[in-house]
Amino acid sequence: MFERVLSFLKDLPSGAGARANADDPRVAASALLYHVMNADGVRQDVEWERLKQVLAQSYSISGDELDALAAAGERADNEAIDLYAFTSVLKRHLDVDARKAFIGLMWEIVYADGELHELEDNTVWRVAELIGVERQDRIEARRKAAAAAPGASGTSSDE
């Protein structure tokens, strides 16, 4: 099941040969995952490792290539003025099911530390809205990620 959820990212253009930037769907995905990880202002090692694991599995990369993509996502997020630059790229490249799956990945990053912070919740909500994921799909993805993260705490205003 996890493989199926991640497989959509493998189909994104790699931007090979071009300088990695926010127009590269892989960098856009990495930047949004980094953004939600950092939304609460605390970057925990478990969250960073989960982000890198998601990228590694999604793109079948490791080592320097993985580090470069994670760094490109971090750099792009730090340079961005809003989320639209990234969400517009994903919305163009992903179908509805893939967008839902991406929101599920965001929730996995949120719950990697076993906690839900309101800023993380708000970030996923904004991204979901921008990429056209319906409220009920966002909530269902959140519930699944929370159930898979033993000890997860916090609630959302969605309930």
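**Contacts, helices and core**

Reply: Start with I103. Beyond its neighbours within four places in sequence, I103 is in contact with V124, V127, A128, I131, V133, R138 and A141. Note that this is a predicted model.

Me: Why is R50 called buried?

Reply: Its relative accessibility is 14%. Buried means under 20%, so R50 qualifies. R50 is part of helix α3, residues 45–59.

Me: What makes the link between R50 and E108 a polar contact?

Reply: The distance between their side chains is 2.3 Å. The cut-off is within 3.5 Å for a pair of N or O atoms, one able to donate a hydrogen and the other to accept it.

Me: How do you know that the length of helix α8 agrees with its residue count?

Reply: Helix α8 has 14 residues, 135–148. At 1.5 Å a residue they should span 20 Å. The end C-alpha atoms are 20 Å apart, so the two agree.

Me: Which residues of α8 are buried, and what puts them on the same side?

Reply: They are R138, I139, A141, R142 and A145. They cover an arc of only 160° around the axis, and therefore lie on the same side of α8. The buried residues pack against α6 (96–110) and α7 (118–131). On the other side of α8, Q136, K144, A147 and A148 are exposed.

Me: Which residues touch the most other members of the largest nonpolar core?

Reply: L33, L51, F102, I103 and W107, out of 43 residues. The largest share, nine residues, comes from α2.

Key:
Residues are numbered from 1 along each chain as its sequence is written. This is a predicted model: local features need pLDDT of at least 70, side-chain atom pairs count only at pLDDT 80 or more; totals for chains, interfaces and linings use all residues. Side-chain values use heavy atoms; hydrogens and water are left out. Helices (H or I, at least four residues) and strands (E, at least two) are DSSP runs, numbered from the N terminus. Buried means under 20% relative accessible area, exposed over 50%, partly exposed in between (1.4 Å probe, protein chains only). The expected span of a helix is 1.5 Å times one less than its number of residues. The arc is that of the directions from the helix axis to the C-beta atoms. Contact means heavy atoms within 4.5 Å. A nonpolar core is a set of buried Ala, Val, Leu, Ile, Met, Phe, Trp, Tyr and Cys residues joined through side-chain atoms within 4.5 Å.
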